[in-house]
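Welcome! Take your time with each topic.

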Amino acid sequence: MMRVVDLRVTGEAAVFLSRRAGTMRILVVVNARSGGGDAGLYGFVRALGTLGVEVTLRFSTAEKPIESLTEDASMFDRV
């Protein structure tokens, strides 16, 4: 049985959520040097949160190489 997702969560995330029991874990790495991010990204993260998805945001900077932010990526369902 498919669950109806009505929070503008589309594409792969919606399909994954509709078929999966339990909490989905998503890691989002944001390039802070690109100008502060996209407001749409934060709206999407909020929508996922209302569905019970665990979202982890990490921000890359000149001091933090992206590799250090994704060392534990295998612990997440999506990166």
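Helices are DSSP runs of at least four residues marked H or I, and strands are runs of at least two marked E, both numbered from the N terminus. With that in mind, the protein has three helices and two strands. Please remember that this is a predicted model.

**Overall layout**
- Starting at the N terminus, the elements follow the order α-β-α-β-α.
- The protein has 79 residues, and 23% of them count as buried.
- If you take the contacts between residues at least 6 apart in sequence, 69% of them join residues at least 24 apart.

**The nonpolar core**
- Which residues make up the largest nonpolar core? They are Met24, Ile26, Val28, Val30, Leu48 and Val53, six residues in all.
- Strand E1 (residues 25-31) gives this core its largest share, namely three residues.
- As a general pattern, nonpolar side chains in soluble globular proteins tend to be buried together.

**Salt bridges**
- How many salt bridges are there, counting a side-chain nitrogen of Lys or Arg within 4 Å of a carboxyl oxygen of Asp or Glu? The count comes to two.
- One of them brings together the side chains of Arg25 and Glu54, at 3.0 Å from N to O.
- Arg25 belongs to strand E1 and Glu54 to strand E2 (residues 54-60), so this pair ties together parts that are 29 residues apart in sequence.
- Arg25 counts as partly exposed because its relative accessibility is 25%, and buried would require under 20%.
- Glu54 is also partly exposed, with a relative accessible area of 34%.
- In another salt bridge, the side chains of Asp72 and Arg58 meet at 2.8 Å from N to O.
- This pair links distant parts of the chain, 14 residues apart: Asp72 sits in the segment after helix H3 (66-69), while Arg58 sits in strand E2.
- Asp72 has 29% relative accessibility and counts as partly exposed.

**A closer look at Ser60**
- Ser60 is found in strand E2.
- Is Ser60 buried or exposed? Its relative accessible area is 6%, so Ser60 is buried, the cut-off being under 20%.
- Setting aside neighbours within four places in sequence, Ser60 is in contact with Val30, Asn31, Ala32, Arg33 and Leu69.

Key:
Residues are numbered from 1 along each chain as its sequence is written. This is a predicted model: local features need pLDDT of at least 70, side-chain atom pairs count only at pLDDT 80 or more; totals for chains, interfaces and linings use all residues. Side-chain values use heavy atoms; hydrogens and water are left out. Buried means under 20% relative accessible area, exposed over 50%, partly exposed in between (1.4 Å probe, protein chains only). Contact means heavy atoms within 4.5 Å. A nonpolar core is a set of buried Ala, Val, Leu, Ile, Met, Phe, Trp, Tyr and Cys residues joined through side-chain atoms within 4.5 Å.
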